[in-house]
Amino acid sequence: MTSNASAAGTSQFLSLHLLETLVAVLPVRDENGSPKSIVYGGTERHMITSQARRRAERVHTRNRANAGIGALAGRGTGTRTREWAVITGKALADTHGWDRDEAVRTARAVIEATGLKFGDPAKKTVANLTKVLLFAPSDAGARIAAHIDAEAEEIRSWAGEYLEAQAAVAAKGKKGGRKTATAEPEPEESGEGGAAADAKLPALPAATRAAVLTALAPRDAIDIALYGRFLAEIADSPNVDGAVQSAHAFTVHEAEQVDDFYAAADDAKLDRKKNALDFLDAADDAGAGMTGYQSLITGTFYRHAVLDRVRLRNNLRAAGMSAEEAEEASVAAEAEFVTAFVDAFPEAKKNSTASTGSLPALVLAFEGERPYNYAAAFQAPIDESPLDKGGEGPAGPAAVKRLLKHHAFVSRRRPDIAHGRVLTYDPQIDELLRTLKDTGATSVDSAEELTA
């Protein structure tokens with residue numbers, strides 16, 4: 001065990017491994033709308049990317065916390081968006097009574113002058129959106145708005161000068177054939193970055209810049225501490241190395257895909273056909289309203305994630321928590337992370353496939369002094385042929401046998417692996433577990449019991 005993992009004396013890393021069987025779903029797609037895949041062990045496998053899984057888990061955790069449910073009930077969470085100027089402007093208008101257009105215009109100027117780049121001012125759809133997604137505490141917009149309103153006289157004066165100078169720079173750029181609306185900053189002239197660092201634009205008041213950076217800092221947003229964030233545009237805004245490591249999920253057998261043809265009915269056309277007075281009227285309304293194809297995948301997936309308990313506590317301490325506060329928040333965050341890992345699911349095509357109702361066949365959790373990824377257990381794809389024909393049978397039970405055999409084998413050789421726990425939501429898998437002699441894990445009945 002590590003000496004600085006947690007007050008409970010548990011190991012630094014919590015490894016999670018999950019097997020789930022999905023039928024006729026499409027939770028993630030490539031740029032062509034097709035299922036994502038990889039080649040592993042010489043065969044093509046379906047893949048669900050870690051990005052899709054992490055977002056589903058993060059949103060699941062945030063929604064539960066905001067609804068007052070679970071271990072993180074009522075705690076701060078983050079929002080990842082390009083709309084911070086819009087959110088701040090709305091808070092200025094709704095809470096502080098500013099004119100809405102002036103509010104958004106001022107909020108954009110303040111945030112842009114802090115260092116974030118925005119879309120082309122000439123294009124209304126992106127003018128008030130940052131060029132990159134920014135993951136910040138959900139109350140960041142309200143905090144920035146409160147500061148702007150408190151310093152309204154100074155900031156209004158500054159914003160007028162800033163926007164006038166920005167318009168002059170844009171006009172000069174058009175005359176010179178330039179496409180950019182703001183001059184690029186000279187790094188050697190200022191360490192603040194962004195449009196405000198340009199000598200032609202008035203610098204944002206120091207107190208306001210500090211207030212914006214404080215509002216955008218990770219602070220006590222638990223999901224930022226868990227999943228991390230990277231913001232390169234503002235050098236002095238802290239990045240966070242996330243405590244959660246996630247792997248792409250892949251099928252334990254060769255990929256199986258079907259291109260499903262569909263026909264959508266036109267209700268108005270069918271109503272006319274139903275009430276047609278002669279066959280010629282009915283013929284005019286023949287045919288479907290729309291037809292097309294959608295790709296669907298079926299298979300048993302293996303996925304893996306690991307929680308670094310030391311990194312989680314360090315992130316929360318760096319955000320300003322005391323050791324005691326960080327310990328309490330970390331224990332709660334771990335419980336919610338495990339719950340989200342088990343329950344959350346990407347929502348693509350959820351209404352037509354009911355994919356979000358899926359439950360894992362098996363979850364394996366254990367602790368160690370380093371992460372352990374068991375993807376190698378499935379390098380050879382599972383042969384789903386019947387047992388009497390030399391195959392391994394259905395992929396679900398076969399994958400459970402492989403995973404637990406692999407875990408027991410590794411556990412005997414790695415003394416730091418401890419506290420193995422296994423959870424199933426499948427009665428057939430539960431019966432199978434009773435027949436396995438050496439699994440290196442103890443059966444539990446809830447996701448809450450998967451943590452130490």
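**Figure 1. Network of salt bridges in the predicted model.** Four side chains, Arg 309, Glu 334, Glu 367 and Arg 421, are linked in a network of salt bridges. The structure shown is a predicted model, and the count for it comes to 21 salt bridges.

**Figure 2. Salt bridge between Glu 112 and Arg 108 in helix H3.** The side chains of Glu 112 and Arg 108 meet in a salt bridge, at 3.3 Å from N to O. Both residues belong to helix H3, which covers residues 100–114, and they are four residues apart, about one turn of the helix. Glu 112 counts as buried because its relative accessibility is 4%, under the 20% limit. Arg 108 is likewise buried, with a relative accessible area of 9%.

**Figure 3. Salt bridge between Asp 430 and Arg 434 in helix H14.** A salt bridge joins the side chains of Asp 430 and Arg 434, with an N to O distance of 2.9 Å. Helix H14, residues 427–435, contains both partners, and these lie four residues apart, about one turn of the helix. Asp 430 is partly exposed, with a relative accessible area of 26%. Arg 434, at 61%, is exposed because this value is over 50%.

**Figure 4. Salt bridge between Arg 100 and Asp 94.** Arg 100 forms a salt bridge with Asp 94, and the closest N and O atoms of the pair are 2.8 Å apart. Arg 100 has a relative accessible area of 43% and is therefore partly exposed. Asp 94 also counts as partly exposed, at 45% relative accessibility.

Definitions and conventions:
Residues numbered from 1 in each chain as written. Predicted model: local features only at pLDDT ≥ 70, side-chain atom pairs only at ≥ 80, totals over all residues. Heavy atoms only, no water. Buried < 20%, exposed > 50% of the residue type's maximum accessible area, 1.4 Å probe, protein only. Helix = DSSP H or I, 4+ residues; strand = E, 2+ residues; numbered from the N terminus.
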